[in-house]
Amino acid sequence: MVNILSISCTTPNLPYYLGTKLPYLYKKGKQTPPPFGYEPFYINYLGRHGSRYLESTDKLAYLIEILKTNQFGNNLTDAGIFLLNFLQQQEILQRNKYGGLTPAGQETMKAIARRMYQEYPGVFGRKVYAESSYVQRAIDSMFTFINELFNYTPDKNFIISSNGEIDPLLRFFDLNIDYKKYLNSNWWVPVTQQHFKCCDPSFKISQQFFIAPLDEVTMDYFAPNLFDILTEVYGITTPPNSAIDVLQTYYSDKELRHYWEINNIDAFYSKGPSREDINLPTDISFALLKNFIETSENAITTGQVSANLRFAHAETIIPFASLLHLPCWSKQTNQLSRVACIWKDYEIAPMAANIAWIFYKHPSNSDILVKIMYNEQEICFPFKVACPPYARWQDIRNYYYSILSLLPIDESLTVVDQVTYYPKTIC
C-alpha cells in the first residue's frame, strides 16, 4: 500500500519535468485483501483524458516564426537550424489534430479499463453510467474506455452521455464567476517570477540557438515557451529526434527542474490547494463530491449499478483530489520553496490520472467497506480506519458531508447556479 504520508523533495527516475503532460505510467502495486467474506460490487470513478496532441498552435507558431526570421538573417546556430526543422516537423505532425486524443492515449485508456475488469470482474453485469465533459478528447477517452469494457461485459448495460458546455460536475472551473476572476488575477505569477529571478536560465538557454542574441524580452521568453512545447509533444514524437532528446540536449537537469518548479507552482496556486487563506480553487468542486456521494448511495440502495465512470480534465482531478483532503494532494503553503516538497503535479494529474472508490459488501454484514485508488494505487482516506485502506461507507459519507456542510453553498439554488455563484453571499 502506498504510504501517502511520506513526502520528499527528491525527484524520481522518470521525466517528472513533464508535469501534467506526463503520460500515464502504470506501476502494479500489491493489493490489500478485504476482510474475509467481503466482495467488490460497485466502482465510482473519475478519470482524466489520455495523452493528447497540442492544445493550441500559438506557442509552436511563435517559436517557428522567431527561428525562421533568424534563419533568413543567417543568425541561427547549428542547434537553431536543427530546432527549426524539429518544430516544423511537429507542426506537420500535429496539424488538424490539436487537442485530440493520441494513439498512445487510446492505448492507455484501454489498458486502465482492461485492468479494472480483470481486478474486479464480479462488479460488472449491471448498469454502468458513463459520462464525459463536452470536450472531444474526453468523449474519445470515454468511448475508448467503455469499448474495451464491451469486450468483457454486455454493452446493453451501459448508459452513456456527454455533458454540455454548462457542466457543474466536470467543468465547474468554467462556471464559477469568482474563480474566473481569481484566474485572471494571476497573483502568483509575479511572485513566482520574483522568486526565481536570480536563477532564471532562459537567456543562457536561448543563446544556444542564435549567433547574435535577440532582444532581451525574446531571449527571456524563448526558452520557457520551448520547454512547454517540448513537454507537450512528448510521447507523440518518435526516436531518434524525440522531444526528450531535445530537452536533455539543450536543458541541464537543473534547468529542467527550474521550469518544472515554475509550472508546478502555477498549477498548485491556480488549480490546487493554493495558499492557506485561499480555498476557492478546491472548493468549487463541491458539486462533484456531492455527486460521488449521491451516486454511491444510489448504487448501494438499488443494487442495480456496477459503476459510475466520469471522464474529464486535469482541472477537474486536481481540485477534487484536494477537496477529498488526501494528505499528499491537499496540503497548503504560502512558501513557494515548499510547494515542490508537498505537491507534485506529475503524481496528481498525469495524462489519464484517475480516482476510484471501490465498494465491498458482505452477505451477512450490513457494513459497506470502501477503498480509494489513486492512479490504480491503494491509498488511505484522510481519517483513521480500523482496517486500512478499507473504510466504512458510513464514516466516509459522514466525513465528506461534514466538509460540505462547512462550505457556503446556497441550497436554494439549482446545482448549476450553486456552482456559478459560489460562495453564496453571507449578509
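The model is predicted; local features need pLDDT of at least 70, side-chain atom pairs count only at pLDDT 80 or more, and totals for chains, interfaces and linings use all residues. Residues are numbered from 1 along each chain as its sequence is written, and side-chain values use heavy atoms, with hydrogens and water left out. Helices (H or I, at least four residues) and strands (E, at least two) are DSSP runs, numbered from the N terminus.

**Helix α10 with α9**

- Helix α9 (residues 216–232) packs on helix α10 (residues 243–250) at about 150 degrees, with axes 8 Å apart. Axes are lines fitted to C-alpha atoms, for helices over the stretch in contact, and angles run from 0 to 180 degrees between N-to-C directions.
- That angle makes α9 roughly antiparallel to α10. Angles under 35 degrees count as roughly parallel, over 145 as roughly antiparallel, 65 to 115 as roughly perpendicular and the rest as oblique.
- The α9 and α10 crossing is left-handed: the near helix is turned anticlockwise from the far one by less than a right angle (clockwise would be right-handed).
- From α9, F227, L230 and T231 meet A243, V246 and L247 of α10. Contact means heavy atoms within 4.5 Å.
- The α9 and α10 contact holds five nonpolar residues, one polar and no charged. Ala, Val, Leu, Ile, Met, Phe, Trp, Tyr, Cys and Pro count as nonpolar, Asp, Glu, Lys and Arg as charged, and the others, Gly among them, as polar.

**Helix α10 with α2**

- Helix α2 (residues 78–94) packs with α10 at about 155 degrees, and their axes are 12 Å apart.
- α2 and α10 are therefore roughly antiparallel, and their crossing is left-handed.
- A79, F82, L83 and F86 of α2 contact A243, V246 and Y250 of α10.
- By class, this α2 and α10 contact has seven nonpolar, no polar and no charged residues.

**Helix α3**

- Helix α3 (residues 103–119) has 17 residues and spans 24 Å from first C-alpha to last, close to the expected 24 Å. The expected span is 1.5 Å times one less than the number of residues.
- Its buried residues are G105, T108, M109, A111, I112, A113, R115 and M116. Buried means under 20% relative accessible area, exposed over 50%, partly exposed in between (1.4 Å probe, protein chains only).
- These α3 residues pack against β1 (39–48), α4 (136–149), β4 (305–312) and β5 (354–362).

**Helix α13**

- Helix α13 (residues 286–302) has 17 residues and reaches 24 Å, close to the expected 24 Å.
- Buried residues of α13 include F286, K290, N291 and A299.
- G303 follows α13, with a positive phi near 65 degrees.
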